[in-house]
Amino acid sequence: MARAVTLIRSSTLSDVAEYAYAATAPAESRLIFLAGACPLDEDGSTAAVGDYAGQAAKAVENMRAALADADASLQDVISTRVLVASTRRDDLVTAWEVVRDAFGDHDVPSTLMGVTVLGYDDQLVEIEAVAAVMDS
């Protein structure tokens with residue numbers, strides 16, 4: 001299946017960032033705007049309370065499910081925003097490493113942000129994403 005997303009690398013910007021600096025999708029692609037993927041179990045309770053990596057993993061799992069419901073996958077994601085309820089850089093990095101590893105070589109443009117609070121009790125991580133697919 002042909003992919004709609006093209007990741008753009010920069011030869012003039014630092015290669016320290018662990019993601020592409022930009023991405024494109026052709027005009028005929030179908031865009032999918034995902035709500036923030038939260039670390040919630042099926043019963044609505046927050047998973048992995050107190051565990052940044054565990055919550056990031058659960059958020060990725062839930063994001064995969066939402067993408068599948070839209071006939072897409074992580075390989076169709078064009079950008080992400082990872083929100084982490086912490087002022088500690090180490091906590092942000094812990095969550096980011098889980099997200100980065102889930103995407104593997106498809107290192108989409110991403111923003112990692114520390115925030116003061118997220119919407120659910122005990123929630124530490126949320127992942128927003130946009131995807132693009134080419135329908136047959």
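Two strands pair if DSSP finds at least two bridges between them. Helices (H or I, at least four residues) and strands (E, at least two) are DSSP runs, numbered from the N terminus. Keep both rules in mind for this tour.

This is a predicted model, with residues numbered from 1 along each chain as its sequence is written. Local features need pLDDT of at least 70, side-chain atom pairs count only at pLDDT 80 or more, totals for chains, interfaces and linings use all residues, and side-chain values use heavy atoms, with hydrogens and water left out.

Stop 1: Select β3 (30–37) and β6 (125–133). β3 and β6 pair in the antiparallel sense over 6 bridges. Click L34: its bridge partner in β6 is A129. Strands of a sheet pair through backbone hydrogen bonds, either parallel or antiparallel. The 4 strands form an open sheet, in the order β3-β6-β4-β5, with mixed pairing. From one strand to the next, the twist averages 10° (angles run from 0 to 180 degrees between N-to-C directions, and axes are lines fitted to C-alpha atoms, for helices over the stretch in contact).

**Stop 2: the helices.** Contact here means heavy atoms within 4.5 Å. Next, select α2 (residues 89–103). α2 lies across β4, β5 and β6, at about 155° to β4.

Where do α1 and α2 meet? Show A56, V60 and M63, among others, on α1, and A95, V98 and A102, among others, on α2. By class, this contact has 11 nonpolar, 1 polar and 2 charged residues (Ala, Val, Leu, Ile, Met, Phe, Trp, Tyr, Cys and Pro count as nonpolar, Asp, Glu, Lys and Arg as charged, and the others, Gly among them, as polar). The axes of α1 and α2 come within 8 Å and cross at roughly 35°.

**Stop 3: the cavity.** A cavity is a set of points on a 1 Å grid over the protein atoms alone, where a 1.4 Å probe fits but cannot get out; lining residues have an atom within 4 Å of a point. The structure holds 1 cavity of 30 Å³ or more. Show its lining, including E18, W96, R100 and S110. α2 gives the most to this lining, with 4 residues.

Conventions. 1 Å grid on protein atoms, 1.4 Å probe; cavity = no way out; pocket = protein on both sides within 12 Å on 5 of 7 lines; lining within 4 Å. Points joined across faces, edges and corners; volume = space filled by probe spheres on them.
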